Amino acid sequence: MSSRVAALIAAAGTGDRLGLGPKALVTVGGRTLLDLALEALVPLVDEIVVAVPADAVDHWPTRPGVTLVAGGGTRQASVLAMLAATTAEHVLVHDVARPFLPGEVVARVLAAARRHGAATAAVGIADTVVTGDGAEVDRSELRAVQTPQGFARELLSAAHESARAAGHAATDDAGLVRRLGRRVELVEGSPLLFKVTRPEDLQLAEALAARLPTGAR
């Protein structure tokens, strides 16, 4: 029997750089970033937990089957709050700022998480990469980490609790798990999984939304 899977959507960002209010409610192609994430994940998981801005949780638009929690002051705190709201055996953590989520990427991450306990989507780097002093780095060994990231829930909870106790911060959940000495399996992500952070990202997302079929958004 397959284990239960919860999708944890980090959606508590204020979207200051976009200047359009809470990032989760910014629209792309007439749909909010949160709706696009839900559309991709609802058919693939058993439950969904969303962390929204703490000062907005009481009047946030509700959606059937979605549990809302108050996000923390950091993404890390928001994920910890979402972990406390589920008992699913496996969790998929996804950033609402990545609106174009291919189902095949979700399937690859989840399958690897079930095999290894921890997995993340990642892609190779096409650009030349240099250090601060201009020295070129061998990009063949580098990967850009994306979401979704998948974990055995108990492993991710242990990683978060350990980091909180030590006052340690990481840029993503995979980093917290690696801190425990556990390997995080890399699976092929997608160029579609770029983050909408700046106005120019939103312009690109709007152009892409106009060209993608509905099922690919």
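Me: Quick one on H160 to start. Is H160 buried or exposed?
Reply: H160 is buried, with a relative accessible area of 2%. Buried means under 20% relative accessible area, exposed over 50%, and partly exposed in between, with a 1.4 Å probe and protein chains only.

Me: What kind of model is this?
Reply: This is a predicted model, where local features need pLDDT of at least 70, side-chain atom pairs count only at pLDDT 80 or more, and totals for chains, interfaces and linings use all residues. Residues are numbered from 1 along each chain as its sequence is written, and side-chain values use heavy atoms, with hydrogens and water left out.

Me: Back to H160. Where is H160 placed?
Reply: H160 is in helix α4. Helices (H or I, at least four residues) and strands (E, at least two) are DSSP runs, numbered from the N terminus.

Me: And what is H160 in contact with, leaving aside neighbours within four places in sequence?
Reply: Q76, V79, L80, L83, D173 and L176. Contact means heavy atoms within 4.5 Å.

Me: How do the axes of α2 and α4 cross?
Reply: The axes of α2 (residues 75–83) and α4 (residues 153–166) come within 10 Å and cross at roughly 135°. That makes α2 oblique to α4. Angles under 35 degrees count as roughly parallel, over 145 as roughly antiparallel, 65 to 115 as roughly perpendicular and the rest as oblique. Axes here are lines fitted to C-alpha atoms, for helices over the stretch in contact, with angles from 0 to 180 degrees between N-to-C directions.

Me: Which residues of α2 meet α4?
Reply: Q76, V79, L80 and L83 in α2. Their partners in α4 are R153, L156, S157, H160, E161, A163 and R164.

Me: New topic. How many aromatic pairs are there?
Reply: The count comes to one, for rings of Phe, Tyr and Trp (its six-membered ring) with centres within 6.5 Å. The rings of F100 and F194 have their centres 6.0 Å apart and their planes at 45°, so the pair is tilted. Planes under 30 degrees apart count as stacked, over 60 as edge-to-face and the rest as tilted.

Me: Where do F100 and F194 lie?
Reply: F100 lies in the loop between β6 (90–95) and α3 (103–116), and F194 in the loop between β11 (185–188) and α6 (199–211), so the pair ties together parts that are 94 residues apart in sequence. F100 is buried at 0% relative accessible area. F194 counts as buried too, at 17%.

Me: Last one. Which peptide bond is cis?
Reply: The one from T147 to P148, with omega near 15°. P148 is found in strand β10 (residues 143–152).
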